[in-house]
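I opened my notebook and the model side by side. Below is what I looked up, entry by entry.

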Number of protein chains: 2
Amino acid sequence: MCQGFKFAGVASGLKKDGKKDLGLIYSEIPANVAGVFTRNEVKAAPVILDMQRIVSGTCQAVIANSGNANCCTGEKGMQDAISTARWTAKALALSEEQVLVTSTGVIGEPLAAEKIQAAVPDLVNDLDPDRISDFAEAIMTTDTVPKVVSKKGNLDGKSFTVTGVAKGAGMIRPDMATLLCFVMTDAACPSDILYEMLLKSIDHTLNRITIDGDTSTNDTALLIANGLSGAVINSNAQNRQFQPILDEVLMSLGKQLIKDAEGATKLVEIAVKGAKSDVDAYRIADTIAHSNLLKTALFGEDANWGRILAAAGRAGVPIQPDAIDIYFSDVWMVKSGMGCGKKAEAEAAQILKQPEYTITIDLKAGKGVASVFTCDFSIDYVKINASYRS
Amino acid sequence: MCQGFKFAGVASGLKKDGKKDLGLIYSEIPANVAGVFTRNEVKAAPVILDMQRIVSGTCQAVIANSGNANCCTGEKGMQDAISTARWTAKALALSEEQVLVTSTGVIGEPLAAEKIQAAVPDLVNDLDPDRISDFAEAIMTTDTVPKVVSKKGNLDGKSFTVTGVAKGAGMIRPDMATLLCFVMTDAACPSDILYEMLLKSIDHTLNRITIDGDTSTNDTALLIANGLSGAVINSNAQNRQFQPILDEVLMSLGKQLIKDAEGATKLVEIAVKGAKSDVDAYRIADTIAHSNLLKTALFGEDANWGRILAAAGRAGVPIQPDAIDIYFSDVWMVKSGMGCGKKAEAEAAQILKQPEYTITIDLKAGKGVASVFTCDFSIDYVKINASYRS
């Protein structure tokens, strides 16, 4: 794990079922930080607070609660977010500006902040370098498993670690960030470079996953660097050594999110190639990845490639339907806009039973490529979301 | 019913279950016609054929099949569409250019055109002014009920009738037309005025309904006028008397489509008001109407208004969340961006049990208004679409 970071997660009573719902990340020394937040016009109170505080470029602790989004909660909601940071700062003997706050859960219900206040001493007491899984559990909503990943890298002979933790599992589409995601590193790095690297990485990782096409009011991704490993990032060449590690961490978290998506049974890469540009390829991949008709067919393990072409055709990009090839993994399913017949169907049926596979759409019009990762759309997704608040 | 129009519907064997799958509309005299077609880049063979033929502005018959979309079927598909028109024309003693062809069903499977050829004589033989319900049945795919509506109007003392028939029930979003829709009138009208009126009407009716956000490769809406009532449309004032009748017919069909949407249990109007412009209002209503999270909550009869605000916030329109009011029918649910409490929740719970209701979102920022009609997203939608081809 990253040097100098400690974690904790406890049950404060915000979740009705008594599960962990309050988490804390603490760096032993002040760290540099960068953040990316939801682009939704409706922003939760803690998002608004963090967007103000992160301008300083430093923080030393992040407190996160699940069970309530503290969104659409008015003046009291903002006061609750500020108080949460203040109680945490006091228990850690920090200035309150050094504490960021994140929340996730139901929108529009007042936060029972007194439960957080009562639990903060225990939370601080539990801080431990090895308790990241407690933290990961404490931020879960409809997630069924905690999501943590750690990768090691090297800069000028000094090894460093990048550790990420995130939660899903619905209200997710690629739009700047995706719900709550915290990445810690013991490399040293100025906050403006952290921000550049985080943006660049998210663009090809978290912004390429979708579950249901809805974006959250609470999306927050933070990258926190405390420098305790001695590894230092301050030039482009060194960034290039850090960036791929960060990409790996965020892509791993992204895939973990999709695999644990509400009701999902499949992780499917929609890979578009042969587009006139990468932007065109992305638009088509994104439209296919969001098609409810395709996603229900994937749930049914039905190689309904007509729905892929129909979705590609409404992406707002000119295409030549009778040029298009489609592959399910390595099975050639559609050749020049027409089905490859019964044998291909039978082979594709086997691919569709797998938990992970790629659907490749070759437009044969250029060199543009893009991938979006999606999941199937199941009966359980509907069940989970029909009764989320009850 | 409209004077001079005859209808038929038979089972040709295209549908595996032996239900009606081939329909015919015939006008006793050549009629003027206008059509609106899918904007999907992937267009079925009959759509491509009709787009060529409709340029003449006249037609006398429309043959429609369900059970196969004749889309992504290559050269053979186009030949099958042409042959279908030719067989029909021969049996009716018409020129083949006077016959339009529409198809709906699975994409990407070759059309068993020989079944159509064999059934055409029976189909023509069955033509009758009173058999529109047979035609309506013959174009059904996942629809559970046929959709027909008739309205009467008056022009210069001469009464006329507008009769519409349509099919759903999935792969529907507002994008120029919505699957197959045929509107007949016995008023007389030049085809260019028919086109203007059809476009104008669709913009506020069929283009304001959504089921699942996917658009079809086969969308076709036709307006056919044979003039046999003696009523004549040829000036703006007279158009204004015809337009509202056409609007009524298309809105009725649109609502019938939503009520019979795949798996749907609710017809919900998303009414946005107080936007800076009608375009802003439409964008927000459209985004809310497509939110899977809201649609699953509506299925669960859960007044989860946070999901309405979250969807409004990602519509790409600047909004002031703490100004927004939301009503479920006449229940004031959200006031200035915050929930109205337990009493409102209890009242809203009663509204959500109804089969039809309106959700009103008041942005309090201007005079822009727009409505989009949507349905809930149910377990049955997933079941229907997970196994559509099997």
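**Entry 1: a strand residue in chain B.** Before placing my first residue, I need to know what a strand is here: a DSSP run of E, at least two residues long, numbered from the N terminus. I also note that this is a predicted model. With that term in hand, I find B:V372 in strand β14 of chain B, which covers residues 368–375. Is B:V372 buried or exposed? I count 25 other C-beta atoms within 10 Å. The cut-off for buried is 20 or more. B:V372 is therefore buried.

Next I list what B:V372 touches, leaving out residues up to four places away in sequence. The partners are B:R208, B:T210, B:I270, B:A285, B:D286 and B:A289. I also check a distance to B:E96, which is 276 residues from B:V372 along the chain. Their C-alpha atoms are separated by 39 Å.

**Entry 2: a loop residue in chain A.** I move to A:I211. This residue sits in the loop between α5 (191–204) and β8 (220–225) of chain A. A:I211 has 29 C-beta neighbours inside 10 Å, so it counts as buried. I then look at A:H290, 79 residues from A:I211 along the chain. The C-alpha atoms of the two are separated by 8.0 Å.

**Entry 3: helix α9 of chain B.** How many residues of α9(B) are buried? I find eight of its eight, and the helix is mostly covered. The buried residues are B:W305, B:G306, B:R307, B:I308, B:L309, B:A310, B:A311 and B:A312. What covers them? The cover includes helices α7 and α8 of chain B. It also includes the strands β10 (325–328), β11 (331–335), β12 (338–339) and β13 (356–362) of chain B.

I follow up on one of these partners, α7(B). Helix α7 spans residues 278–289 and α9 spans residues 305–312, both in chain B. They pack at an angle of about 130°, with their axes 8 Å apart. The two helices are therefore oblique to each other. Their crossing is right-handed. From α7(B), the residues B:I284, B:T287 and B:I288 take part. They meet B:I308, B:A311 and B:A312 of α9(B).

Entry 4: Now I look at α2 (residues 74–92) and α3 (residues 113–125) of chain B. Their axes come within 10 Å and cross at roughly 20°. Angles under 35 degrees count as roughly parallel. α2(B) and α3(B) are therefore roughly parallel to each other. This crossing is right-handed.

Which residues meet here? On the α2(B) side I write down B:D80, B:S83, B:T84, B:W87, B:T88, B:A91 and B:L92. On the α3(B) side I write down B:A113, B:I116, B:Q117, B:V120, B:P121 and B:V124. They divide into eight nonpolar, four polar and one charged.

**Entry 5: the nonpolar core.** I look up the largest nonpolar core and find 274 residues in it. Which residues have the most contacts inside it? They are A:L24 and B:L24. I pick B:L24 and list its contacts, again leaving out residues up to four places away in sequence. B:L24 touches B:F7, B:A8, B:A61, B:I63, B:T88, B:L123, B:V124, B:L127 and B:F135. Two of these names were in my last entry: B:T88 in α2(B) and B:V124 in α3(B). In soluble globular proteins, nonpolar side chains tend to be buried together.

**Entry 6: where the chains touch.** The contact takes 53 residues from chain A and 54 residues from chain B. On the chain A side, α8 (292–299), α9 (305–312), β12 (338–339) and α11 (379–386) each supply at least two residues. Which element gives the most? It is α9(A), with six residues. By class, the chain A side has 23 nonpolar, 22 polar and eight charged residues.

**Entry 7: two positive phi values.** Most residues other than glycine have a negative phi. I looked for exceptions. For A:A93, phi is near 60°. A:A93 lies in the loop between α2 (74–92) and β4 (99–103) of chain A. It has 7 other C-beta atoms within 10 Å, so A:A93 is exposed. For B:E301, phi is near 55°. B:E301 lies in the loop between α8 (292–299) and α9 of chain B. Its 19 C-beta neighbours inside 10 Å make B:E301 partly exposed.

Technical notes. Residues are numbered from 1 along each chain as its sequence is written. Chains are lettered from A and ligands numbered from 1 in the order in which they are written. This is a predicted model: local features need pLDDT of at least 70, side-chain atom pairs count only at pLDDT 80 or more; totals for chains, interfaces and linings use all residues. Axes are lines fitted to C-alpha atoms, for helices over the stretch in contact, and angles run from 0 to 180 degrees between N-to-C directions. Helices (H or I, at least four residues) and strands (E, at least two) are DSSP runs, numbered from the N terminus. Angles under 35 degrees count as roughly parallel, over 145 as roughly antiparallel, 65 to 115 as roughly perpendicular and the rest as oblique. A crossing is left-handed if the near helix is turned anticlockwise from the far one by less than a right angle, and right-handed if clockwise. Two residues are in contact if their C-beta atoms, placed from the backbone, lie within 7 Å. A nonpolar core is a set of buried Ala, Val, Leu, Ile, Met, Phe, Trp, Tyr and Cys residues joined through C-beta atoms within 7 Å. A residue is buried if 20 or more other C-beta atoms lie within 10 Å of its own, exposed if 12 or fewer, and partly exposed in between; C-beta atoms are placed from the backbone. Ala, Val, Leu, Ile, Met, Phe, Trp, Tyr, Cys and Pro count as nonpolar, Asp, Glu, Lys and Arg as charged, and the others, Gly among them, as polar.
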